Amino acid sequence: YRLHTGVGRAYGNSTTMPFVRRYFIGGANSLRGWRPRTVGPGNYTNNDPGVRADRSGELIIEAQTEYRFSIIHNLLEGALFIDAGNIWYTRPIAGRQGVEFNPQTFLNQMALNSGVGLRFDFSFFVLRFDFGVPLRNPELPSKERWLLDDYSNGSRKFFPSLVLNLGLGYPF
């Protein structure tokens, strides 16, 4: 199990945190059903398909759980996992609706994914393959956020939604 929380604030005469100090979410050691830096902040939606900016925030809440089991003793492990989380700003941002952290609505803005993984244990390092799939997308309208219905009725394809993450070592 892992719970990752944090908050950062600009200090001095700065109004924003430096880009490298902000929080990002998604990828091999975070939400494994999402590509890196593609979730959040909050339920913000980028309506310009020509712009793909990295998404960052000043506050992060992320939880992961993973069940590991042996497939081939001392060589290959399997894993089942589920991850949830998002990032937010601590203040409103002009022109960006839904990016500010709100204690009453933050649970409704959580992204959720699940998946399976393989861990090859070579005793001096672990090579990890995780296949994650998004289950809940916070940037969609509130009635369309759960993606399980989309997978079952065929409006969203399951296999193209899979995200492969490669990693060295365990995710946490």
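1. Asn-74 is placed in the loop between β2 and β3; strands are DSSP runs of E with at least two residues, helices are runs of H or I with at least four residues, and both are numbered from the N terminus. The phi angle of Asn-74 is near 60°, a positive value in a residue other than glycine. With a relative accessible area of 59%, Asn-74 is exposed. Here buried means under 20% relative accessible area, exposed over 50%, and partly exposed in between (1.4 Å probe, protein chains only).

2. This is a predicted model in which local features need pLDDT of at least 70 and side-chain atom pairs count only at pLDDT 80 or more, while totals for chains, interfaces and linings use all residues. Residues are numbered from 1 along each chain as its sequence is written, and side-chain values use heavy atoms, with hydrogens and water left out.

3. Ser-123 lies in the loop between β4 (111-121) and β5 (126-136). Phi of Ser-123 is near 65°, again positive in a residue other than glycine, and its relative accessibility of 70% makes it exposed.

4. In the loop between β1 (2-7) and β2 (59-72) one finds Pro-41. The peptide bond that joins Gly-40 and Pro-41 is cis, with omega about -10°.

5. Gly-78 belongs to strand β3 (residues 76-88) and counts as buried, at 1% relative accessibility. Leaving aside residues up to four places away in sequence, Gly-78 touches Tyr-67, Arg-68, Phe-69, Ile-71 and Gly-117; a contact means heavy atoms within 4.5 Å.

6. The whole structure holds nine aromatic pairs. Rings of Phe, Tyr and Trp (its six-membered ring) pair if their centres lie within 6.5 Å; planes under 30 degrees apart count as stacked, over 60 as edge-to-face and the rest as tilted. Trp-88 and Phe-101 have ring centres 5.3 Å apart and planes at 75°, so this pair is edge-to-face. The pair links distant parts of the chain, 13 residues apart: Trp-88 in strand β3 and Phe-101 in the loop between β3 and β4. Trp-88 is buried at 0%, whereas Phe-101 is partly exposed at 24%.

7. Phe-122 and Phe-125 form a tilted pair, 5.3 Å centre to centre with 45° between the planes. Ring pairs also link Phe-120, Phe-122, Phe-124, Phe-125 and Phe-129 into a cluster.

8. Arg-32 lies over the face of Phe-81, 3.9 Å from the ring centre, and Arg-37 over that of Phe-24, at 3.8 Å. A charge sits over a ring if NZ of Lys or CZ of Arg is within 6 Å of the ring centre and within 35 degrees of the ring normal.
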